[in-house]
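Dear colleague,

I am handing over the structure below, and my notes on what was found in it follow directly after.

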Amino acid sequence: MTAADLDAVAAIAVIGFPDHFEGRDLFENRLALNPSGCFVLADGAGEPKGYMVAYPWRIDAAPALNTLIEAIPDDASVMYLHDMALHPDARGGGYPGLAVEQLADSARQAGWPAVALVAVNDAAPFWARHGFVVRETPEMAAKLASYGSDARYMVRTL
């Protein structure tokens, strides 16, 4: 992902997560903090058709929705998969599974013991198929309420 991709990424986010708005400035923030964890799905020089954003974070925690963060925490202990979405035109090609495995491989190689995420839009079964397990903790219970009743905090041990 580059700064030139941010408008397209924000547009895909609106399509993929209409009930969980996160603006262009959030993606710009995450790209600045961890460029090696920000990816787009694009065909050559064409407009991105999907994206994934991940960065180191604390276990049993997640940044609030649509909130800028100042820095990666010094006590980060997992790779946090903040967001992944595809434009409807790109669905059906198996891209999400490939992206998840690439992220898991790179996180493992970097020494992270796990990848964590918050599943929304009834996506917990998708994430479970990719090795993620629901993790219920008091720390996350209140935070998940802002993500919707179907939100689940999930962790994949590497």
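This is a predicted model: local features need pLDDT of at least 70, side-chain atom pairs count only at pLDDT 80 or more; totals for chains, interfaces and linings use all residues.

Helix 3 covers residues 95-109, where a helix is a DSSP run of H or I with at least four residues and a strand a run of E with at least two, both numbered from the N terminus.

Residues are numbered from 1 along each chain as its sequence is written, and side-chain values use heavy atoms, leaving out hydrogens and water.

In helix 3, the residues G97, A99, V100, L103, A104 and A107 are buried, meaning under 20% relative accessible area with a 1.4 Å probe and protein chains only, whereas exposed means over 50% and partly exposed lies in between. They cover an arc of only 165° around the axis, so they lie on the same side of helix 3, the arc being that of the directions from the helix axis to the C-beta atoms. On the other side, L98, Q102 and Q109 are exposed.

The cover over the buried residues of helix 3 includes strand 2 (50-57), strand 3 (78-86), strand 4 (114-119), helix 4 (124-129) and strand 6 (152-157), with contact meaning heavy atoms within 4.5 Å. Just after helix 3, G111 takes a positive phi of about 95°.

The protein chain as a whole has 5 helices and 6 strands, and buried residues make up 48% of its 158 residues.

Best wishes

How values were computed:
The expected span of a helix is 1.5 Å times one less than its number of residues.
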